Amino acid sequence: MKILFQGDSITDAGRDRSDPHNLGPGYPFYAADLIKKAFPDKDFEFINLGISGNQTKDLVERLQADFIDIDPDIVSIHIGVNDTWHHAADKSWISNEVFEERYRKVLSEIKAKTNAKILIIEQFLLSVPDKDFFREDLNGKIDVTRKLAREFADYYIPLDGLFAQACIGGVEPTHWSDDGVHPNKNGSEFIGALYADAIKKMIE
């Protein structure tokens, strides 16, 4: 079973890009380990093609080579925070309609040209003072992601909400991420466990 991890720096996590089977130290590493332990008799091929800095427009450009040609059994996509962050300095936000058009293109092509099941992971932001204003744009794009998930996803991880829940009871956002966007070890393990649970449900 071929599982393809796709996304931005959160998925990339400093992996060795010369080896697509190198998962890096982020959530794909923890997810793959848990999946292999859950299905010891099943043969898995894990491929990480997340690229730091990517936005939805970059996934559109990489559609053929890094999605269709891979022909995965399951593809996960975690994208969207850079569609906000890269336009945050002067609040030159791209419209939700453009965001949806790009993301929809990716999902439609996967559906049309592969037999892959689709796992969509919601973009998230943990509360840190210098990025709280991202919510002006991010919340609407999370709504778009949820809309597309209802249409295209075989499973959805509502990560923004789950991280909000995980910060209840005195747990500081910095427990999961130093900058509110990039998970530390705790955050990567948290996402990895959610991912593995999702794959279990998709396989069973």
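Ser-9 counts as buried because its relative accessibility is 14%, where buried means under 20% relative accessible area, exposed means over 50%, and partly exposed lies in between (1.4 Å probe, protein chains only). The structure is a predicted model, in which local features need pLDDT of at least 70 and side-chain atom pairs count only at pLDDT 80 or more, while totals for chains, interfaces and linings use all residues. Residues are numbered from 1 along each chain as its sequence is written, and side-chain values use heavy atoms, with hydrogens and water left out.

Ser-9 belongs to helix α1; helices (H or I, at least four residues) and strands (E, at least two) are DSSP runs, numbered from the N terminus. Leaving aside neighbours within four places in sequence, Ser-9 is in contact (heavy atoms within 4.5 Å) with Ile-51, Ser-52, Gly-53 and His-182. With His-182 there is also a side-chain polar contact of 2.9 Å. A polar contact is a pair of N or O atoms within 3.5 Å; within protein, one must be able to donate a hydrogen and the other to accept it, and residues adjacent in sequence count only if both atoms are side-chain atoms. Tyr-195, by comparison, is 186 residues from Ser-9 in sequence and 17 Å away in space, C-alpha to C-alpha.

Gly-14 counts as exposed because its relative accessibility is 64%.

The strands come next. Five of them form an open sheet in the order β2-β1-β3-β4-β5, with parallel pairing; two strands pair if DSSP finds at least two bridges between them. At the edges are β2 (45–48) and β5 (155–157), each of which pairs on one side only. Neighbouring strands of the sheet are turned by 15° against each other on average, direction ignored. Axes here are lines fitted to C-alpha atoms, for helices over the stretch in contact, and angles run from 0 to 180 degrees between N-to-C directions. Inside the sheet, β1 and strand β3 (residues 74–78) pair in the parallel sense over 5 bridges, and Ile-3 stands opposite Ile-74 in β3. Helix α7 packs on the sheet, where α7 touches β4 and β5, and the direction of α7 makes about 160° with that of β5.

Which residues touch the most other members of the largest nonpolar core? In this core of 35 residues, they are Ile-3, Phe-5, Ile-35, Phe-46, Leu-119, Tyr-195 and Ile-199. A nonpolar core is a set of buried Ala, Val, Leu, Ile, Met, Phe, Trp, Tyr and Cys residues joined through side-chain atoms within 4.5 Å. Two or more residues each come from β1 (2–7), α2, β4 (117–121), α7 (135–152), α8 (159–166) and α9 (185–203). Helix α9 gives the most to this core, with 6 residues. Apart from this core lies another, of 24 residues, among them Ile-68, Leu-107, Ile-118 and Leu-148. Returning to Ile-3, its contacts beyond four places in sequence include Ile-35, Phe-46, Tyr-195 and Ile-199.

Charged side chains complete the picture. The count of salt bridges comes to 16, a salt bridge being a side-chain nitrogen of Lys or Arg within 4 Å of a carboxyl oxygen of Asp or Glu. One of them joins Asp-12 to Arg-17, with the closest N and O atoms 2.6 Å apart. Asp-12 counts as buried, at 2% relative accessibility, whereas Arg-17 is partly exposed, at 48%.

Arg-104 and Glu-151 form another salt bridge, at 2.8 Å from N to O. This pair links distant parts of the chain, since Arg-104 is in helix α6 (residues 96–113) and Glu-151 is in helix α7, 47 residues apart. Arg-104 counts as partly exposed at 23% relative accessibility, and Glu-151 counts as partly exposed at 48%.

Within α7, Asp-137 and Lys-141 lie 4 residues apart, about one turn of the helix. Their salt bridge has its closest N and O atoms 2.7 Å apart, and both residues are buried. Salt bridges that share partners also join Glu-100, Arg-104, Lys-147 and Glu-151 into one network. Asp-137 has a relative accessibility of 5%, and a polar contact of 2.7 Å joins the side chains of Asp-137 and Thr-84. Not counting residues up to four places away in sequence, Asp-137 touches Asp-83, Thr-84, Trp-93 and Ile-94.
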